[in-house]
Structure formats: structure tokens, C-alpha cells
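Today I'm going through the strands and sheets, then a bit of surface.

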Amino acid sequence: SPAASGYSTRTLNAGLVRNQGVEFAMNAVLFDQKNFKWDLGFNASWNKNQITKLTASDDPDYYVYNSGSNIGNDQMVQANAVGHPVNSFYLYDVKKNPATGTLCLVDQDHPDAFPGDKDYDVTAKDKIFYHSPAADFLFGFNTKFQFYGFDLGISLRASIGNYVYNSVLQDQSQYILAIYDAKFEGYHSVLKNAYDAYYIKGNRLRVDGTTDGVLSTAFLENASFLRCDNITLGYSFNAKKNNINGRVYATVSNPFVISGYSGLDPEIASGIDYNMYPRSMSSIIGVTLNF
């Protein structure tokens, strides 16, 4: 026990997780001739994890927050429960209120009700498990062309089904709301979408008198992406007269990423975009000589 050991906490097995998936990899030389060679590599994987047991309780409604998902004042956006992926997002769902044109929280007991209806009553029990940071599918692709002395190599990665909670957007919404509260009403149009997601019918997203309502699916985004890791172009030469050979090359790392995510970078392992420094693009020009 903690009292006997002298420690206030102890490490236990939290539960059981089932992982399943399929992986595929292929590497091929499509052409291999004297002055032209083409190599191709491709890999793909589908993975799914699901919590099957939590040792602390057999209650089917039991869940435990992921302490690493803390944003703001001890507000957690991820939780673990049986039947859901590890660190799934646990948030209030939102829908558009036709009376105001803005968003409102969904009362899960009365999903068709809106603020002002007699049945509408949102409590902390209306949070739902909704997606997770882990991608459903991962892909990798690389290819290299060699034509006489020239070579061109490209490496790409794709992630499909990973979600990110955009806490940066949430913070911006709070600033916009503060400006509005200060009666500078014209300024809130700068981030109107974020403002609408945070401001409902003259009140902040509140549940039981707290600001917990801001933890909603309004700020959860599908962050699927296609990223180019690098592109390399080179030229190899052999000056037999001077007994010199070498290679001139140029490499660009992280030249582009294609994604519908509105933040700076969709590739966030934790699934929470809060204080991340985005990956930068870099380039290298080099020469190698052999005498």
C-alpha cells in the first residue's frame, strides 16, 4: 500500500488494449537499362486500437481522462473508455442553430432540441467520444530516376483519418470574444467562423456555469495530410582525364504538405495543437569529389 511503501502513488496496469491491422510493403526496380533506371517503393498500413478493459471499474460508462490532454485550466479533451481507441477525443458535439445561424451544443438526450426549448438541457453527461489522434491509414512512397548521369529522388508520406483539436483556434476565439465584450463589435468579423463556434446567443459556450463548453467538436478537425519529405536532384560525373569523379546535388526537405487542416501543421502526434513549432522547409546544395 502507499502508506507502507512511503510513496503516495503506485504504478498499475490501467487496462487492456487490442491492436489489429494490416501492413503491406513493396520495393521494385521497374527499369534497369544502361542509361535509365527507375526504382519504386511503396508501403501502406491499416491499424486500429480499442480499449477492451479498464481495471479501475467494470462500469460501462466509466472513463478516465488523459492527463496529457490538459489545455487551459485543467480542461481535458481526451479520455479513455472501453470500446474506444486510446486517447479518444471526449467533447461536446455542436450543431448550427437555425434561429441564430451560430453553433450550439447538442443535448444528447434530446438531439433535436435547441437553446430555448423546454427539453434542451446540456450537462457534462452530454460529452461524446469522437475520433482519435491516431490515423486509420498510413502510406509511404519513394521513387528514384537515373538517366545517364542525372538522378531524381522523391519521398512522400500520407496519413488518413488522424484528428487534431485546434486549441490555437479556440484561443483566438476567446480573444475575439474579449474584443466583442469590449464593444468593438466590428472586429469580430476577422475570425467570424471561430467567433461563431465560441459565441452562442449572447453567451459563451457554458455548461453548469463553467466555460467547459468550449471543449467541443467545433475545434476538432480532420487533419489527414500528404507530405513530401524530400526531393533530391543530382548529377554524377567522372572526369577520367583528371582521375576525378563526384556528384553535384540539391535537396529540398519538407517542400510541401497538402491538408484541409486550418492550423500550421496537421502532423501532431498528441492530436492537440496548442504550442507547436511547425516543421520548416530547408534546402541543401552540395558537391562530393573523389580524387
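Which residue in S17 is the bridge partner of Arg157? I looked it up, keeping in mind that this is a predicted model. It's Arg227. I then checked the strands around that pair: S12 covers residues 150-160 and S17 covers residues 225-239. They run antiparallel, and 10 bridges join them.

Next I looked at the sheet they belong to. It's an open one of seven strands, in the order S1-S2-S11-S12-S17-S18-S20, with antiparallel pairing. At its edges I found strand S1 (15-32) and strand S20 (282-290); each has a single partner strand, so one side of each has no neighbour in the sheet. Ignoring direction, neighbouring strands here are turned by 10° against each other on average.

Then I moved to another open sheet.

I zoomed in on S6 (residues 78-81) and S7 (residues 88-92), an antiparallel pair joined by two bridges. Ala79 sits opposite Ser88 in S7.

Last entry: the surface. I noted a nonpolar patch of about 420 Å², made by Val22, Trp46, Phe137, Phe139 and Ile160. I followed up on Trp46, which lies in strand S2 (residues 36-54). Its relative accessible area is 31%, so I logged Trp46 as partly exposed. Patch residues need over 30%, and Trp46 has 31%.

How values were computed: Residues numbered from 1 in each chain as written. Predicted model: local features only at pLDDT ≥ 70, side-chain atom pairs only at ≥ 80, totals over all residues. Heavy atoms only, no water. Patch = residues over 30% accessible without salt bridge, like charges linked within 9 Å, V, L, I, M, F, W, Y side chains within 5 Å. Areas by Shrake-Rupley, 256 points an atom, 1.4 Å probe, with all protein chains shown as cover. Salt bridge = Lys/Arg side-chain N within 4 Å of Asp/Glu carboxyl O. Helix = DSSP H or I, 4+ residues; strand = E, 2+ residues; numbered from the N terminus. Buried < 20%, exposed > 50% of the residue type's maximum accessible area, 1.4 Å probe, protein only. Pairing = 2+ DSSP bridges. Axes fitted to C-alpha atoms, helices over the stretch in contact; angles between N-to-C directions.
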